[in-house]
Amino acid sequence: MAKIINVVGARPNFMKIAAIIREMEKIPRMDWLLVHTGQHYDVEMSDAFFRELTIPKPDINLEVGSGTHARQTGQIMAAFEEVCLKEKPDLVLVVGDVNSTLACALVASKLHIPVAHVEAGLRSFDRKMPEEINRVVTDILSNFLFTTCREADENLLREGVDPKKIFLVGDVMIDTLYANLSRIRAMHIWRRMGFKKREYAVLTLHRPSNVEEKPVLGEIVTALEEVSRHLPIVFPIHPRTSAAVRRFGFQGSFKFIDGDDPGPLRYSDGGSSRGPGIWCCHPLGYLEFLNLVLHSRFVMTDSGGIQEETTVLDIPCLTLRETTERPVTISQGTNTLLGHDTRRIVAEVKKIMGGEGKHCKRPPLWDGKAAERIVAILAKEFNISH
């Protein structure tokens with residue numbers, strides 16, 4: 001018997017942990033707990049995802065909430081240390097690159113508890129991104145480094161990591177996508193919103209580097225205005241971005257699917273089609289959002305996970321960042337890195353509209369079985385039979 005604490009804290013973690021828990025449930029002698037740090041704590045960003053992905057209710061919720069990076073990380077560490085001292089786990093498993101990932105890995109390491117990092121080895125080589133610091137430090141502390149692609153393996157080896165710690169398993173995000181693909185396809189959120197199949201683009205935008213500086217956000221908004229003259233853009237708007245749009249006076253560039261603000265949606269019956277514009281709505285659930293992506297012409301984003309999902313769904317992805325920790329989505333997937341330059345964004349959109357968008361060559365092991373490989377490795381390590 002082995003006791004494993006699985007940690008989640010923010011929305012990107014939930015899709016990853018769902019696949020792992022599904023595999024752990026198949027092994028009776030694998031005793032596991034789910035700890036939610038509460039880094040994302042509102043219903044739309046947390047509870048709804050648990051319901052959609054049938055993730056069990058967390059055994060422990062630290063209820064940390066928001067705060068500065070230092071304050072949030074410190075509060076998670078203090079609370080998680082108490083959990084580890086009480087539960088005495090044999091392993092702490094963390095996923096992704098959020099503050100919860102770093103905080104819990106650091107606590108476990110100082111208590112001499114082995115750490116497993118799922119999605120290890122990803123590097124943007126941009127230390128201005130807090131996620132990059134989280135990734136690097138978590139990998140240094142971890143005993144099991146589960147990677148999504150060869151590039152991640154190579155990053156770790158260059159950093160001097162013992163090859164025996166590195167396990168190329170594939171991408172657990174894709175496990176969850178495949179597990180829910182029939183449900184995603186069965187929805188018609190795009191139609192209910194009043195859009196036509198393949199005649200709209202999807203936008204996500206939330207990184208502080210893009211939305212917290214007026215000149216940068218202004219360049220992006222100018223590009224979006226130009227793009228939206230040719231086809232409508234659907235924008236599930238992040239609260240941080242919504243606040244920045246108002247603070248900088250850009251609200252005149254946006255329309256709202258339901259009134260003057262992106263509150264709860266009252267969908268159309270699909271009888272009418274929305275015209276040009278940047279159409280905002282509230283943040284969507286996992287299934288709804290991927291249904292919107294699946295039937296779009298292309299996606300514009302500054303997210304990491306969406307670069308992977310669009311690659312597997314074979315939807316062109318324009319990443320509004322200067323760097324990416326997922327270069328395999330560029331070399332083998334549908335992703336193009338553009339930054340925030342207005343001309344580059346508009347030029348790439350014109351290429352897609354002209355039929356020149358990128359198509360996917362699925363990366364190796366992105367086959368829906370990454371979590372199965374992870375759990376099999378851990379079961380072997382702790383001498384647990386299936």
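This is a predicted model: local features need pLDDT of at least 70, side-chain atom pairs count only at pLDDT 80 or more; totals for chains, interfaces and linings use all residues.

Me: Which residue does Arg-326 form a salt bridge with?

Reply: Its partner is Glu-308, with N and O 2.9 Å apart. The pair links distant parts of the chain, 18 residues apart: Arg-326 sits in the loop between strand 13 and helix 15, and Glu-308 in helix 14.

Me: And is Glu-308 buried or exposed?

Reply: Glu-308 counts as buried, because its relative accessibility is 1% and the cut-off for buried is under 20%.

Me: What network of salt bridges are they linked in?

Reply: One that includes Lys-16, Asp-97, Glu-119 and Arg-135, along with Arg-326 and Glu-308 themselves.

Me: How many salt bridges does the structure hold?

Reply: There are 18. One of them joins Arg-150 and Asp-153, with the closest N and O atoms 3.9 Å apart. Both residues lie in helix 6, about one turn from each other. Arg-150 is exposed at 55%, while Asp-153 counts as buried at 10%.

Me: Switching topic: what's the volume of the second largest pocket?

Reply: About 160 Å³. Its lining has 3 nonpolar, 4 polar and 5 charged residues.

Me: Which residues line that second largest pocket?

Reply: Among them are Arg-198, Asp-314, Glu-356, Lys-358 and His-359. Ile-315, Pro-316 and Ile-352 are in the lining too.

Methods. Residues are numbered from 1 along each chain as its sequence is written. Side-chain values use heavy atoms; hydrogens and water are left out. On a 1 Å grid over the protein atoms alone, a cavity is a set of points where a 1.4 Å probe fits but cannot get out, and a pocket is an open set with protein on both sides within 12 Å along at least five of seven lines; lining residues have an atom within 4 Å of a point. Grid points are joined across faces, edges and corners, and a volume is the space filled by probe spheres set on the points. Ala, Val, Leu, Ile, Met, Phe, Trp, Tyr, Cys and Pro count as nonpolar, Asp, Glu, Lys and Arg as charged, and the others, Gly among them, as polar. A salt bridge is a side-chain nitrogen of Lys or Arg within 4 Å of a carboxyl oxygen of Asp or Glu. Helices (H or I, at least four residues) and strands (E, at least two) are DSSP runs, numbered from the N terminus. Buried means under 20% relative accessible area, exposed over 50%, partly exposed in between (1.4 Å probe, protein chains only).
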